[in-house]
Each structure stands twice: as C-alpha cells, then as structure tokens.
Amino acid sequence: VFAPTDEAFAKIPKATLDGLLADKAALTKVLTYHVVGARVLKAEVPVGAAIATAQGQTFVVDASLKITDQKQRATSIVATDVFTSNGVIHVVDRVLLPA
C-alpha cells in the first residue's frame, strides 16, 4: 500500500475531497489506486517499470522513490517498508488520483 499522510489529504482542495467522500465509487477508485496486489519491499520496487494497481491503472517509481502517474503527476515516497500484519506500507506525500 502507498499510504498518503494526513498532510497529503490536506493538500486536496476541499471541494474535490467533499466530492470524493460523497461518491463511494470515485473514492474506491482513489483508494485502490494506492494498492498493489503483492507485498513489495523498497529493495524489490521495480524501478522504471509500470506498476499495476488494484484500481487497474499503473504508475512508475524512479530510483529517487518518486512516483509518476499516467498524467505525469508526481508524489514522493517519504517512508518505506512499514510492516503490518497484512502487508507493507510505503508512505507518500500526496494523494494519488487515478487518470
């Protein structure tokens, strides 16, 4: 999971966030865009290759741990390999929005 910080959610314009919260399907797309179908540690991130999300779209992670989506929007991974009982979390500084 690529999990946004609270500060990342605060960067979303209020009208956009309110719209997502009111539209369960749109919110689900955003949330599943942050999930990949396998446990991937920092050392295993396929740098430069498209990474498929549970939502169905892809993004790319570069060697500096910057994520770039299909619309060339970027976010940075600010913490890696946070282990949980059901996977691993990489913390990002922006909410990823599917194309």
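**The aromatic cluster and its surroundings**

Modeller: Phe 59 is buried, at 1% relative accessibility. Buried means under 20% relative accessible area, exposed means over 50%, and partly exposed is in between (1.4 Å probe, protein chains only). The model is predicted: local features need pLDDT of at least 70, side-chain atom pairs count only at pLDDT 80 or more, and totals for chains, interfaces and linings use all residues. Residues are numbered from 1 along each chain as its sequence is written, and side-chain values use heavy atoms, with hydrogens and water left out.

Now the rings. A pair of aromatic rings is described by the distance of the centres and the angle of the planes. Searching the whole structure gives 2 aromatic pairs. Phe 2 and Phe 59 make an edge-to-face pair, with 5.3 Å from centre to centre and 90° between the planes. This pair links distant parts of the chain. Phe 2 is in strand S1 (residues 2-4), Phe 59 is in strand S3 (residues 58-61), and they are 57 residues apart. Strands are DSSP runs of E, at least two residues; helices are runs of H or I, at least four; both are numbered from the N terminus. Rings of Phe, Tyr and Trp (its six-membered ring) pair if their centres lie within 6.5 Å; planes under 30 degrees apart count as stacked, over 60 as edge-to-face, and the rest as tilted.

Phe 2 counts as buried because its relative accessibility is 4%. Tyr 33 and Phe 59 form an edge-to-face pair: 5.9 Å centre to centre, 85° between the planes. Again the pair links distant parts of the chain, 26 residues apart. Tyr 33 lies in the loop between helix H3 (24-32) and strand S2 (50-52), while Phe 59 is in strand S3. Tyr 33 and Phe 59 are both buried. Phe 2, Tyr 33 and Phe 59 form one aromatic cluster.

Next, who touches these rings? Contact means heavy atoms within 4.5 Å. Thr 53 sits in the loop between S2 and S3. Thr 53 counts as buried because its relative accessible area is 7%. Leaving out residues up to four places away in sequence, Thr 53 touches Tyr 33 and Phe 59, along with Thr 32, Val 35 and Val 36. Ile 51 is in strand S2. Its relative accessible area is 10%, so Ile 51 is buried. With the four-place limit in sequence, Ile 51 touches Phe 59 as well as Val 36, Val 45, Pro 46, Gln 57, Thr 58 and Val 61. By contrast, take a pair across the chain: Ile 51 and Val 78 are 27 residues apart, with their C-alpha atoms separated by 18 Å.

Phe 2 leads on to His 90. His 90 belongs to strand S6 (residues 87-92). At 2% relative accessible area, His 90 is buried. Neighbours within four places in sequence aside, the contacts of His 90 include Phe 2, Val 1, Ala 3, Val 40 and Asp 81. A polar atom of the His 90 side chain lies 3.3 Å from the backbone nitrogen of Asp 81. Polar contacts are pairs of N or O atoms within 3.5 Å; within protein, one must be able to donate a hydrogen and the other to accept it, and residues adjacent in sequence count only if both atoms are side-chain atoms.

Asp 81 is worth a backbone check. Asp 81 is in strand S5 (residues 74-84). Its phi is near 55°, a positive value in a residue other than glycine. Asp 81 is partly exposed, because its relative accessible area is 27%. Leu 65 also has a positive phi, near 70°, and is not glycine. Leu 65 is in the loop between S3 and strand S4 (66-69). With 15% relative accessibility, Leu 65 counts as buried.

Thr 53 and Leu 96 are 43 residues apart in sequence, and 11 Å apart in space, C-alpha to C-alpha.
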